[in-house]
Amino acid sequence: MSAHGPDAAHAFRNPLVFVAFLQSFAHGANDTANATSAFAAVWAAHSYGLYACSSIETPWWIMSAAGAFVALGVNVMGWRVIGTIGSDLARLDFVKAYTIEFASTLTVVVATSAPTRVFTSKMPMWPLSCRTL
């Protein structure tokens, strides 16, 4: 139950699931891109020469393999991360969890749109850390 009352807290339950769904895609896409960029650069240099890295796209099989490994990591250890952050680190109601997740998702989407490489792994932790302090 929230300090805002049971109705207000319950109203944020479904939007929280939707924003978490969006966050998983945005964060997973960013992690996959960051993980594949170094491997794809080495593969392109080996296959096409040292200066070919900026002129080719990453092959589908590299992106598929990276996505599969991200999915494997989520399925193997994701439940521990969710349990640690969601209950052991801080007790959150639906309103606070929605606010943190929405801010994190918005930050990941905006940062991923930037022309530089951005690591989004810690972005969900900043609002949560500030909340627990």
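This short talk describes selected features of the structure shown above, which is a predicted model.

Good morning, colleagues. I shall begin with helix α2, which spans residues 13-48. Phe 25 has its place in this helix. Is Phe 25 buried or exposed? Its relative accessible area is 55%, and the cut-off for exposed is over 50%, so Phe 25 counts as exposed.

Which residue does the side chain of Gln 23 meet in a polar contact? The partner is the side chain of Thr 105, and the contact is 3.1 Å.

I now turn to the aromatic residues. A pair of aromatic rings is described by two quantities, the distance of the centres and the angle of the planes. How many aromatic pairs are counted in this model? The count comes to five. One of them is formed by Phe 39 and Trp 61, with 6.4 Å from centre to centre and 85 degrees between the planes, an edge-to-face arrangement. Phe 39 is in helix α2, whereas Trp 61 is in helix α3, residues 60-89; the pair therefore ties together parts that lie 22 residues apart in sequence. Phe 39 is partly exposed, at 44% relative accessibility. Trp 61 is likewise partly exposed, with a relative accessible area of 38%.

Trp 61 has a further aromatic partner in Trp 43. This pair is edge-to-face as well, with the centres 5.9 Å apart and the planes at 85 degrees. Why does this pair tie together parts that are 18 residues apart in sequence? The reason is that Trp 43 lies in helix α2 and Trp 61 in helix α3. Phe 39, Trp 43 and Trp 61 come together with Tyr 48 in one aromatic cluster.

Val 74 counts as exposed, because its relative accessibility is 51% and the cut-off is over 50%.

Thank you for your attention.

How values were computed:
Residues numbered from 1 in each chain as written. Predicted model: local features only at pLDDT ≥ 70, side-chain atom pairs only at ≥ 80, totals over all residues. Heavy atoms only, no water. Helix = DSSP H or I, 4+ residues; strand = E, 2+ residues; numbered from the N terminus. Buried < 20%, exposed > 50% of the residue type's maximum accessible area, 1.4 Å probe, protein only. Polar contact = N/O pair within 3.5 Å; in protein donor to acceptor, adjacent residues only side chain to side chain. Phe/Tyr/Trp six-rings, centres within 6.5 Å; stacked < 30°, edge-to-face > 60°.
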